[in-house]
Amino acid sequence: MSKVYSLLNIGKIVAGAGCIEQIKDIVVDYEAKNVVIITDQGVWNSGLVDNPKKLLEEAGIHVHIINNTPPEPTVDQVNEIFKAAKEFECQMIIGIGGGSSMDTAKIVSLLLTNNVNLRELVKGKAQIKRRGVPTLMIPTTAGTGSEATPNAIVLIPEEELKVGIVSEKMVPDCVILDPTMTINLPKHITANTGMDALCHAIECYISKKANPFSDTFALKAITLISRSIRTAYNDGHNLAAREDMLLGAMFGGISIATSSTTAVHALSYPLGGKYHIPHGLSNAILLPDVMRFNLDVCEEKFKDIAVAMELEIAGSTTRQAAEKMIDNLYSLIKDLNVTCDLRAKGINETALDDLIEAAAKVTRLLDNNPKVVTKEDMRAIYKKLL
């Protein structure tokens, strides 16, 4: 556990069914007359932006829409969205969607107030000196926790790797968590993003950077997600389950903001960067096997997680409780039909060397894993997925 730790706070969080109606009050409080909404084509086509746009326009606010955020945005694609947003001279950026839209919104906000080159920023050669224009995040999935983190992920195609930009100046100013914005989320996305949120909470709880702040939020996130993810998957219109998932995802994001993810995310990045496997899916398929790898150094913490999952562990030893927790992860994967045929994606034994080399570069996360992960360990974990 870290000796020195800190917690980054979102300025304002509004939650509950129907709370999207408060969007105009939030924007008016910031005296923003000109706003840019950054979203993706799927969210735009679903009509989820229509009501927020209408509410803002009724309040006399000029709304500009950028709706072409791709699922895995590259540095150049984010730059193009920034250039489009710059033309509107906005006073607030609103991200509506999943992690890609919210991450892009956070980066665009910073680029509007900092004279930095995004490519240099990604490579760690530039510094962020100022907060961006005010940001409002409205997640339409319950997974990434981007609405609560100081992180944003972009793809560097030439390196076939996703890279995280981390700055406390990226923590959003405001968040709206309205479960009605997630009720029509497809089942497979509910599963993948929900497992992603669970990954965040579990990894942050066992991370070397874990601390009292992250422990509190991570364990609560685990409880919320574990009790509701199957219901949200099977009955997408269950608002109580959807609200649990949104809260759990945000609490997982808060955990990231004060702790860190570990080997699951490190091994996941190359799967997305080179083979374009969705981030939540790659994390989900890796989670049980990486936790199995960590078992011998995490028994006590895994028992805590089993308790948070409300598993039946009465009379179990610490080891048995820890193993039940891991078994539950495998059961979740099965119950949610989370599958990915890596061979169909072009990944076979000969491709493992490239995956391992790419994952080994993600030292920022590997160093936080409670157990040292060698390249041979990585090979064994990847091979289980083939």
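Biologist: What is the volume of the second largest pocket?

Modeller: This is a predicted model, in which local features need pLDDT of at least 70 and side-chain atom pairs count only at pLDDT 80 or more, while totals for chains, interfaces and linings use all residues. A pocket is an open set of points on a 1 Å grid over the protein atoms alone, where a 1.4 Å probe fits, with protein on both sides within 12 Å along at least five of seven lines. The volume is the space filled by probe spheres set on the points, which are joined across faces, edges and corners. For the second largest pocket it is about 270 Å³.

Biologist: Which element gives the most to the lining of the second largest pocket?

Modeller: Lining residues have an atom within 4 Å of a point, and among the 13 here, V163, G164, K361, V362 and R364 are the closest to the centre. Two or more residues come from each of β7 (161-166) and α15 (363-366); strands are DSSP E runs of at least two residues, helices H or I runs of at least four, numbered from the N terminus. With four residues, the element that gives the most is β7.

Biologist: How many residues of strand β2 (residues 34-38) are buried?

Modeller: Residues are numbered from 1 along each chain as its sequence is written. N34, V36 and I38 point one way from β2, and V35 and I37 the other way. Buried means under 20% relative accessible area (1.4 Å probe, protein chains only), and the number of β2 residues that are buried is five of five.

Technical notes
Side-chain values use heavy atoms; hydrogens and water are left out. Buried means under 20% relative accessible area, exposed over 50%, partly exposed in between (1.4 Å probe, protein chains only).
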